[in-house]
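Dear colleague,

Please find below the structure that I am handing over to you. My notes on it follow directly after.

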Amino acid sequence: MRPVPTELLALLDSRQEAGAIVLDPVLDVIAVNHRARDPFRGFADTANLLEMAVLDPEGPRFFVEWEAAAEATVASLRASADFNRTPARLTELLETLRSGSPAFPGLWARHDVQPKTHETKLLRHPERGPLTVDFHAFNVASAPGYQLLVYQERGRAS
């Protein structure tokens with residue numbers, strides 16, 4: 001994979017009012033700004049978005065609508081993954097998910113393909129409780145295959 005352009009990293013760090021995350025085609029977390037780290041503190045490892053959702057015990061607690069979040073993240077992997085660009089990493093990720101998550105094989109077998117665009121999610125912050133968060137996803141033209149996720153908290157969910 002190509003390195004993340006320094007201009008994109010500078011943009012990421014400049015977003016003080018919103019969280020920002022850069023993902024590669026297999027949903028590995030390549031970079032995060034300070035604001036984006038806070039909600040994910042309860043996870044043991046934040047290296048891959050799909051592993052967080054379906055392997056980490058924090059996933060079902062963190063995502064209020066966990067099943068919908070898992071479905072959307074698997075569909076996003078199908079939309080962004082490219083066996084030609086990252087064959088070893090994608091194979092490794094799929095093996096890890098198949099062996100570690102009882103839910104993953106069924107989700108993968110559905111063959112849903114849906115890139116990330118915009119979603120509103122209900123999350124449970126480990127200290128602040130329920131939050132409603134708007135996520136927007138952008139393809140990064142200067143780094144094909146990468147996505148920039150920007151999120152803004154709406155406030156506490158009820």
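Over the ring of which residue does the charged end of Lys-121 sit? The ring is that of Phe-135, and the charged end of Lys-121 lies 5.9 Å from its centre. A charge is taken to sit over a ring if NZ of Lys or CZ of Arg is within 6 Å of the ring centre and within 35 degrees of the ring normal. A further case is Arg-78, whose charged end sits over the ring of Trp-108 at 3.7 Å from the centre.

Please note that this is a predicted model, in which local features need pLDDT of at least 70 and side-chain atom pairs count only at pLDDT 80 or more, while totals for chains, interfaces and linings use all residues. Residues are numbered from 1 along each chain as its sequence is written, and side-chain values use heavy atoms, with hydrogens and water left out.

Cavity and pocket

The whole structure holds 1 cavity of 30 Å³ or more, and the volume of the largest cavity is about 150 Å³. Strands are DSSP runs of E with at least two residues and helices runs of H or I with at least four, numbered from the N terminus. By class, this lining has 7 nonpolar, 4 polar and 3 charged residues (nonpolar: Ala, Val, Leu, Ile, Met, Phe, Trp, Tyr, Cys and Pro; charged: Asp, Glu, Lys and Arg; polar: the others, Gly among them).

The largest pocket contains about 180 Å³ of space. It is lined by 13 residues, with Ser-80, Pro-115, Asn-139, Tyr-146 and Gln-147 closest to its centre. At least two lining residues come from each of α5 (66-80) and β4.

Both terms refer to a 1 Å grid over the protein atoms alone: a cavity is a set of points where a 1.4 Å probe fits but cannot get out, and a pocket is an open set with protein on both sides within 12 Å along at least five of seven lines; lining residues have an atom within 4 Å of a point. Grid points are joined across faces, edges and corners, and a volume is the space filled by probe spheres set on the points.

Gln-147 belongs to strand β5 (residues 147-156) and, at 6% relative accessibility, counts as buried (buried: under 20% relative accessible area; exposed: over 50%; partly exposed: in between; 1.4 Å probe, protein chains only). Beyond its neighbours within four places in sequence, the contacts of Gln-147 include Leu-27, Ser-80, Lys-116 and Asn-139 (contact: heavy atoms within 4.5 Å).

Leu-27 lies in the loop between β1 (19-23) and β2 (29-32) and is buried at 0% relative accessibility. Its phi is positive, about 65°, although Leu-27 is not a glycine. His-111 likewise has a positive phi, near 60°, but counts as exposed at 54% relative accessibility.

Aromatic residues

Phe-40, Phe-43, Phe-62 and Phe-63 form one aromatic cluster. Phe-40 and Phe-62 are both buried.

Yours sincerely

Key:
Rings of Phe, Tyr and Trp (its six-membered ring) pair if their centres lie within 6.5 Å; planes under 30 degrees apart count as stacked, over 60 as edge-to-face and the rest as tilted.
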